[in-house]
Amino acid sequence: MKDTTYMADALEEGDLLNFAESYITHNGTGRSLGVDREIYSVLKLHLPAGGVASNAVDMARYMLFHLSAGRGPDGQSVVPSDVLAETHTVQFSVPSRDKLQPRWPMGAMTKGYGFGWAVGDYRGYRRLYHAGAGAGFYSLISLFPGASGGVFTSLNGPILPKGIARDVNDVIHYRVADFLLGVSPWLNTTTACSYPAPWDKHPGTNVPVTHTASHNFARDKRDYEGTYVNHVFGNLTISHNSTDGTLRFELGLIGQGVVLSSDTGVLLRLEGVFGQVLPPAQMILEETGGKISSLVMPGVPPEPSVVFKRGLKLEDQEMPSWDVKCEPSVVSSSEARIGMMWLKLWILCRLMLVVMI
């Protein structure tokens, strides 16, 4: 795989000549919003889980490697076949949205997860697949060992509306799989565009969430000022900018942005590269004696809500204490600090994405 690299490395080296642009939103009228490539830098924090860039030729080689029991182009064994087969074997169960008859015109189900591969069936044929997304790119790889073939697709957005890129990947893979397996296609030019309708709808369409956002608040903006604390996420500080009249927030190591009024409380809108890809986070106000006592970020059960209490304060260097005994580690204090920052950001992202569902 000669042309495969890490996106963060390509950014550091300034070697983005052959990289596609990715988009937060884009449509046929010319309206588009690209993803700031500086976001590639954070992908380095969780390598190799995401942040890999490749092309069609290299991915074709990768698929052939798996379909050839671990042999390279020269026929020589690169990975023992029994070891590779173990990665294709279910190791644990995972939640899945199976497509079953008679609701769907065909059957597609996931049995569980191996080592880097979801293992399932499509129309009676064994299917191995893996999906990935990051920085506005959406990829899907499917292998059909019984047919000695597979398909790989990668899209450069859009992030919004949510689910569009995933649906496009699904449609292409199902149609190519039907051709590869020699079965009659169940998608046509109409249902390929309406997918998953008429058989299903997007998981989030049953719970539409819309929030009005405004710089006009029902109460004095100074009422919101202060420090709110959560022992995992740290200090959430809200202050009033007397120059432009806006309310600003700063959340520990995660970032800063603007506080907006909404019909349910307030919205926190991050600035910078994360503000491009994350929607504003909804916060509900809790009051005690007519004063704001807490800001609550609601979760979707079984996820708990996250409560920031007013009046407390964590020192900047204070980290959560864990009742776990660990062996000495070679990780430096700076690495630990970055790791904690990423943990906080990852959890926050999960909660913030609730408003997109």
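Colleague: What are the ground rules for the numbering and the values?
Modeller: Residues are numbered from 1 along each chain as its sequence is written, and side-chain values use heavy atoms, with hydrogens and water left out. This is a predicted model: local features need pLDDT of at least 70, side-chain atom pairs count only at pLDDT 80 or more, and totals for chains, interfaces and linings use all residues.

Colleague: How many helices and strands does the protein have?
Modeller: Helices (H or I, at least four residues) and strands (E, at least two) are DSSP runs, numbered from the N terminus. The count for the protein is seven helices and 17 strands.

Colleague: What is the mean pLDDT of the protein?
Modeller: pLDDT is the predictor's confidence in each residue, from 0 to 100. In this protein, 80% of residues reach 70 or more. The mean is 82.

Colleague: How many contacts beyond four places in sequence does the model have for residues 204-210?
Modeller: Contact means heavy atoms within 4.5 Å. Over residues 204-210, pLDDT stays under 50. For that stretch the model has six.

Colleague: What share of the 357 residues is buried?
Modeller: Buried means under 20% relative accessible area, exposed over 50%, and partly exposed in between (1.4 Å probe, protein chains only). By that rule, the buried share of the 357 residues is 36%.

Colleague: Which residues form the aromatic cluster?
Modeller: Rings of Phe, Tyr and Trp (its six-membered ring) pair if their centres lie within 6.5 Å. The search of the whole structure finds 11 such pairs. One cluster is made of W104, Y122, F144, Y174, W186, Y195 and W199.

Colleague: Is the pair of Y174 and W186 stacked, edge-to-face or tilted, and what is the angle between the planes?
Modeller: Planes under 30 degrees apart count as stacked, over 60 as edge-to-face and the rest as tilted. Y174 and W186 lie 5.5 Å centre to centre and are tilted, with 55 degrees between the planes.

Colleague: Where do Y174 and W186 sit, and are they buried or exposed?
Modeller: Y174 is in helix 4 (residues 164-181), and W186 is in the loop between helix 4 and helix 5 (191-194), 12 residues apart. Y174 has a relative accessible area of 5%. W186 has 9%. Y174 is therefore buried, and W186 is likewise buried.

Colleague: Which residue lies over the face of Y129?
Modeller: A charge sits over a ring if NZ of Lys or CZ of Arg is within 6 Å of the ring centre and within 35 degrees of the ring normal. K99 does this with W104, at 5.3 Å from the ring centre. Over Y129, at 4.1 Å from the ring centre, lies R127.

Colleague: Which side chain makes a polar contact with the side chain of S142?
Modeller: S142 lies in strand 8 (residues 137-144) and is buried, at 0% relative accessible area. A polar contact is a pair of N or O atoms within 3.5 Å; within protein, one must be able to donate a hydrogen and the other to accept it, and residues adjacent in sequence count only if both atoms are side-chain atoms. Beyond four places in sequence, S142 touches several residues, including M63, Y129 and H173. The polar contact, at 2.9 Å, is with R127.

Colleague: How far apart in space are L11 and S41?
Modeller: L11 is in helix 1 (residues 7-13) and counts as buried, at 17% relative accessibility. Its contacts beyond four places in sequence include R37, Y40 and S41. L11 and S41 are 30 residues apart in sequence, yet their C-alpha to C-alpha distance is 7.1 Å.

Colleague: Which residues are joined by a cis peptide bond with omega about 10 degrees?
Modeller: Most residues other than glycine have a negative phi, and most peptide bonds are trans. The bond from G157 to P158 is cis, with omega near 0 degrees. The bond with omega about 10 degrees joins A197 and P198.

Colleague: What is the phi of S148, and is S148 buried or exposed?
Modeller: S148 is in the loop between strand 8 and strand 9. S148 is not a glycine, but its phi is positive, at about 50 degrees. Its relative accessible area is 59%, so S148 is exposed.
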